[in-house]
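Please look through the structure below before reading on.

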Amino acid sequence: MVEFRKVNLIEPWLPSLQKMDIVFLRNVLIYFDTETKAQVLAKVRGSLSDNGFLFLGNAETILNLKAPFRREIIANSTVYRAAPIIKE
Ligand SMILES: C[S@@+](CC[C@H](N)C(=O)[O-])C[C@H]1O[C@@H](n2cnc3c(N)ncnc32)[C@H](O)[C@@H]1O
């Protein structure tokens with residue numbers, strides 16, 4: 001029931017990638033500048049189902065970024081829920 005693929009976050013993603021329910025992107029965004037983080041997060045959101053969850057590392061936040069996620073606390077854990085994608 002689990003499919004494993006390798007993806008380079010800063011390259012175009014596989015078009016055949018199915019919508020995901022949950023993404024663990026822990027301690028990875030730290031490597032990217034602000035613009036790249038926003039691009040990666042937009043790709044994550046595009047690959048996440050509308051009820052999907054994004055988990056970051058404990059010390060990470062995306063609150064300072066324009067990203068289509070809303071923060072929620074569930075059982076003392078921070079989780080980011082997919083928010084509507086607003087096209088500009
Ligand atoms: C600090 S480690 C965190 C590993 C794991 N997620 C964790 O929390 O224990 C950072 C990871 O980001 C991966 N990484 C860095 N740049 C990447 C990119 N452009 N695409 C995909 N993975 C990348 C590295 O290969 C490494 O595995």
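How do the residues of the shell around the ligand divide into nonpolar, polar and charged? In this predicted model, the shell holds four nonpolar residues, three polar ones and one charged one. The residues surrounding the ligand are Asn8, Leu9, Ile10, Arg26, Asn27, Val28, Tyr31 and Gly57. Arg26 is the charged member, because arginine counts as charged.

The chain as a whole contains one helix and four strands. Their order along the sequence is β-α-β-β-β.

Two strand pairings can be followed residue by residue. Strand 3 (residues 69-74) and strand 4 run antiparallel and are joined by six bridges. Within this pairing, arginine 71 stands opposite tyrosine 80 in strand 4. The hairpin of strand 3 and strand 4 has two residues between the strands, and alanine 75 in this hairpin takes a positive phi near 50 degrees. Strand 4 (residues 77-82) is also joined to strand 2 (residues 48-56), by two bridges, and these strands run antiparallel too. Here phenylalanine 53 stands opposite arginine 81 in strand 4. In a regular strand, side chains alternate between the two faces of the sheet.

Overall dimensions come next. The C-alpha trace spans about 35 × 30 × 30 Å along its principal axes. Buried residues make up 12% of the 88 residues in the chain. Of the contacts with a separation of 6 or more, 60% come from residues 24 or more positions apart.

Notes:
Residues are numbered from 1 along each chain as its sequence is written. This is a predicted model: local features need pLDDT of at least 70, side-chain atom pairs count only at pLDDT 80 or more; totals for chains, interfaces and linings use all residues. A residue is near a molecule or strand if its C-beta atom, placed from the backbone, lies within 6 Å of it. A residue is buried if 20 or more other C-beta atoms lie within 10 Å of its own, exposed if 12 or fewer, and partly exposed in between; C-beta atoms are placed from the backbone. Two residues are in contact if their C-beta atoms, placed from the backbone, lie within 7 Å. Two strands pair if DSSP finds at least two bridges between them.
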